[in-house]
Amino acid sequence: MAIAAIKSKRLLNELLDVCNANLNTVNEKLISKAFRLAAEAHKNHYRLSGEPYLIHPFEVALIVAKEIPLDDISVVAALLHDVVEDTDYSLEFIEKEFGKEVAEIVDGVTKITGVFRGKNINQADNYRKLLLSMVKDVRVMLVKFADRLHNMRTLDFMPLEKQRRIAKETLEIYAPFAHRFGLGRIKWELEDLAFKYLNRQAYEDIAQKIKDKRKERETYINKFKTPIYKRLTELGLRFEITGRPKHLYSIYRKMIKRNTTFEGIYDLLAIRIILEDDDPHQCYYVLGIVNELYKPIPDRFKDYISIPKKNNYQSLHTTVVGPEGKLVEVQIRTRKMHEIAEKGVAAHWKYKEESFSKEQDIEEWVNWVREIFESANRDEATKELLASFKLNLYQDEIYVFTPAGDLVRLPINSTPVDFAFQIHTKVGYHCIGAKVNDKIVPLNTILHSGDRVEILTSKNQHPNPGWLNFVKTHKAKTSIRRFIKREEDEIVNAGRSLWEKKIKKLKLTFNGDQLIKLANKLKFDNTKQFFLAIGKGQVDLDAVLNPETEKAEESDVKDLEFDKFASIARGAAGGVLVEGEHKGIIYTYAKCCNPIPGDPIVGFITIGEGIKIHRKNCKNLISLLEKHGDRLVPVAWPKTEGSFFVAAIKIRGEDKPGILQSISNSITNYKNTNIKSVNISSHDSYFEGTVSVYVSDLNHLNHLIERLKSSPNIFHAERFYS
Ligand code: MN
């Protein structure tokens with residue numbers, strides 16, 4: 001215990017020293033507090049290497065402070081980056097103790113990590129865009145880069161398969177990102193480490209060859225740089241000449257790209273001259289000196305000082321003919337330019353004038369990063385930057401996951417219905433509900449990048465025309481329209497056959513012109529609209545064709561949707577049974593009380609219109625009975641097995657994870673009841689909506705309602721439109 005305490009004290013001091021050496025302002029108190037919390041939170045955790053887990057956040061913080069030095073907040077967030085995810089401390093706790101900024105960075109890092117967990121990266125491009133669309137504070141990326149770098153440096157302890165997966169992810173996602181963020185050195189290291197785990201043989205082969213050639217190469221470079229060194233020293237310049245570090249992965253990639261051998265690539269020698277004074281003019285001066293000493297190759301000169309690369313890279317590149325006719329690439333830059341190339345914006349910030357406030361600078365940095373990604377292809381440098389992924393697209397798109405972890409790309413503001421149609425037209429057609437990140441949501445909920453979306457379907461559910469008001473994708477729109485059109489055609493056909501039956505029964509004939517006239521008279525544009533309205537039950541044919549019909553039983557406004565479901569239910573039940581002397585007489589259903597299978601019913605003989613079926617408790621019927629009590633006929637719903645009608649149940653309850661599943665279980669577990677559709681929306685922690693079910697009779701329906709009522713999270717359940 002004492003030893004552990006001493007060791008951890010030593011680590012903290014080391015971190016504080018590095019911070020003080022690299023950062024403009026260091027809140028030692030806050031860093032120490034974060035360090036102690038990390039130590040406490042991870043005290044029982046160990047890494048696969050056997051080291052205490054604390055070493056990991058410590059090393060990550062060290063990388064942030066030393067290799068991507070930006071600010072002390074990033075260091076604090078780095079120390080805490082695994083606390084919320086791996087221990088019992090909550091994000092709220094972090095926010096309370098360390099402030100909102102730190103909490104937001106920790107949250108961002110946790111979310112990004114979760115996005116990749118257990119997933120096989122097969123759409124690297126989409127993952128990169130997903131990452132970018134999730135990152136609101138660039139410091140999230142910095143901490144994540146540092147986390148990834150340390151994990152890559154210690155990858156040896158992971159199982160082989162995991163090594164490969166992480167290495168692939170690093171190469172395809174994080175390294176290109178590090179490049180975009182201007183973090184040259186981190187990019188190279190991530191690539192080389194990934195390369196080592198993905199293709200160990202090629203890696204070791206190249207490493208060995210570099211080692212073998214080192215002597216020869218060093219001798220040549222020395223010969224090459226001696227005259228330059230001499231001249232620059234004579235002129236009193238402060239500078240450093242280095243052989244340029246060769247990155248194994250870039251050599252490998254060039255070998256593949258140019259289809260050549262190691263020797264073919266490695267013959268290209270390179271040196272770098274770094275000038276200590278922050279004066280770009282010196283670079284051109286030194287360029288002149290180099291060109292005097294060695295003959296330059298004209299078309300190989302690049303001036304990234306006058307025209308910096310989009311990630312702020314600045315340097316002069318020239319290729320000259322050295323001794324023995326060998327080509328040598330020379331890069332000339334100031335120390336400041338060099339640090340920006342290596343450490344990206346973190347270095348950029350270090351060189352800022354004192355007058356800039358920290359907030360302003362970070363703001364500027366964020367804007368700069370955005371600009372990189374959002375800029376249109378203005379020049380060659382930008383094109384080059386955007387070559388591997390066109391991030392200017394990302395702002396119009398979101399990336400969401402299926403429950404299996406596949407990525408789906410959607411336009412911004414898409415909804416679960418768009419997602420469903422994107423997965424498959426069938427899923428869209430039968431979508432009854434959705435869960436986003438395990439929480440039930442209305443179907444018009446706006447999705448966000450990184451969301452995990454689960455669609456609940458029922459084979460009896462069909463697209464709702466209302467969906468057209470919120471869907472964003474072309475696919476969803478056209479599929480819904482196509483379905484509505486098809487459904488409409490069916491209703492038109494049903495309406496036409498209703499019409500034909502009716503005129504046949506009344507022994508009427510209509511030619512085409514007469515039909516159009518009638519339709520127009522009733523304010524329909526054409527006969528199709530007329531038949532559609534008939535099919536939907538919006539036209540009372542009796543009234544249209546026989547204005548003399550008794551109006552006694554006509555009730556006021558009818559709910560058309562109810563009419564539709566009533567007619568389906570009656571059809572499914574097989575109509576009513578009329579027994580005895582009235583058997584065979586035509587019957588219709590009274591519109592005043594709209595009886596449906598399961599309701600107690602009775603028949604009433606009308607003049608010229610056969611039997612009207614009423615509910616036994618219908619008020620109209622009761623008043624009719626005062627005069628015509630003798631016209632009653634006993635009728636009943638057939639007691640056939642296996643015939644069902646549709647009934648709707650209104651429910652209200654508490655919106656808990658799994659609620660939709662629990663509702664549907666509660667229904668389907670009773671007599672194998674089929675659900676036709678579910679339409680639920682949630683408000684804060686409550687939901688309400690309707691469930692349409694196929695029931696055999698009223699008893700069946702009442703049982704379902706009782707079952708739903710007894711569910712713990714359902715406050716209210718009742719028959720809808722009863
Ligand atoms: Mn970590």
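## Salt bridges and cover in a predicted model

A search of the whole structure finds 29 salt bridges. This is a predicted model, in which local features need pLDDT of at least 70 and side-chain atom pairs count only at pLDDT 80 or more, while totals for chains, interfaces and linings use all residues. Residues are numbered from 1 along each chain as its sequence is written, and side-chain values use heavy atoms, with hydrogens and water left out.

Reader: What makes K223 and E324 a salt bridge?

Author: The term requires a side-chain nitrogen of Lys or Arg within 4 Å of a carboxyl oxygen of Asp or Glu, and the closest N and O atoms of K223 and E324 are 2.7 Å apart, so the pair meets that definition. K223 lies in helix α12 and E324 in the loop between β5 (316-321) and β6 (327-334), so the pair ties together parts that are 101 residues apart in sequence.

Reader: Why is E324 called exposed?

Author: A residue is buried under 20% relative accessible area, exposed over 50% and partly exposed in between (1.4 Å probe, protein chains only); E324 has 58% relative accessibility and therefore counts as exposed, whereas K223, at 45%, counts as partly exposed.

Reader: How do you know that α11 is mostly covered?

Author: In helix α11 (residues 184-198), 12 of the 15 residues are buried, among them G184, I186 and Y197.

Reader: What makes the reach of α11 close to the expected one?

Author: The expected span is 1.5 Å times one less than the number of residues, and α11, with 15 residues, reaches 21 Å from its first C-alpha to its last, close to the 21 Å expected.

Technical notes:
Helix = DSSP H or I, 4+ residues; strand = E, 2+ residues; numbered from the N terminus.
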